[in-house]
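Please look at the sequence and the structure together before reading on, and keep both in view as the explanation moves from strand to strand. The walk begins with the sheet, goes on to the helices and the core, and ends with a few individual residues.

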Amino acid sequence: MNPPAIKMSDVTCGAVRDPNAVVARQVNWQVAADDFWCVFGPGGSGKTDLLLLAAGLHSQSQGTIRWFGNEMPDDEAAQLSLRMKIGFVFDGGHLFNHM
């Protein structure tokens, strides 16, 4: 049996724009390798922050995130090899909010 592509355990994170504002608290979520998920909700509810966190582009303040059974590596090259196995599609290009 394969481990989940993404597994969050008791994850809490702040907003990218305001790290002191908690947007997700004690999240327990796992995505199987063949799953397709849609995350939706009202504007400002933390959807993009949660997906940035799942993609390894934002850090959690508490809890653990595992990719394919491994803790998210600190090394960018190791992260990249795992990121190549996971795909994200954002409406309107919001993944790159700085561009």
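In which sense do β1 and β3 pair, and over how many bridges? In this predicted model, the two strands pair in the antiparallel sense, and 5 bridges connect them. Two of the residue pairs can be found by eye: K7 has R66 of β3 as its bridge partner, while T12 has Q62 as its bridge partner in that strand.

The strand β1, which covers residues 6-14, is also joined to β2, residues 22-31, by 6 bridges, and these two strands run antiparallel. If you look for V11, you will find that its bridge partner in β2 is V27. The strand β3, residues 62-67, pairs in turn with β4 in the antiparallel sense over 2 bridges, and here R66 of β3 has E71 as its partner in β4.

Taken together, the 4 strands form an open sheet in the order β2-β1-β3-β4, with antiparallel pairing. The edges of this sheet are β2 and β4, the latter made of residues 70-71, and each of them pairs on one side only. The helix α1 packs on the sheet, where it touches β1, β2 and β3, and its direction makes about 130° with that of β1.

How much of α1 is covered? The helix, which runs over residues 47-54, is mostly covered, with 6 of its 8 residues buried. These buried residues are D49, L50, L51, L52, L53 and A54, and they pack against β1, β2 and β3. Just after the helix, G56 takes a positive phi of about 80°.

The next step is to look at the inside of the model. In soluble globular proteins, nonpolar side chains tend to be buried together. Here the largest nonpolar core has 17 residues, and among its members M8, W29, I65 and W67 touch the most others. The elements that give two or more residues to this core are β1, β2, α1 and β3. As for I65, its contacts beyond four places in sequence are with K7, M8, V11, L53, Q60, N70, E71 and M72.

W29 also belongs to the 1 aromatic pair of the structure. Its partner is W37, and because the ring centres lie 5.4 Å apart with the planes at 85°, the pair is edge-to-face.

Is C13 buried or exposed? With a relative accessibility of 0%, C13 counts as buried, whereas C38 is exposed, with a relative accessible area of 65%. A disulfide is a covalent bond between the sulfur atoms of two cysteines. The structure holds 0 disulfides.

Finally, follow the chain to R83, which is in helix α2, residues 76-83. Which residues does R83 contact when its neighbours within four places in sequence are left aside? They are A55, G56, L57 and W67. R83 and G56 are 27 residues apart in sequence, and their C-alpha atoms are 8.2 Å apart in space. At 25% relative accessibility, R83 counts as partly exposed, because buried requires under 20% and exposed requires over 50%.

Terms used:
Residues numbered from 1 in each chain as written. Predicted model: local features only at pLDDT ≥ 70, side-chain atom pairs only at ≥ 80, totals over all residues. Heavy atoms only, no water. Core = buried A, V, L, I, M, F, W, Y, C linked by side-chain atoms within 4.5 Å. Buried < 20%, exposed > 50% of the residue type's maximum accessible area, 1.4 Å probe, protein only. Contact = heavy atoms within 4.5 Å. Pairing = 2+ DSSP bridges. Disulfide = S-S within 2.5 Å. Axes fitted to C-alpha atoms, helices over the stretch in contact; angles between N-to-C directions. Phe/Tyr/Trp six-rings, centres within 6.5 Å; stacked < 30°, edge-to-face > 60°.
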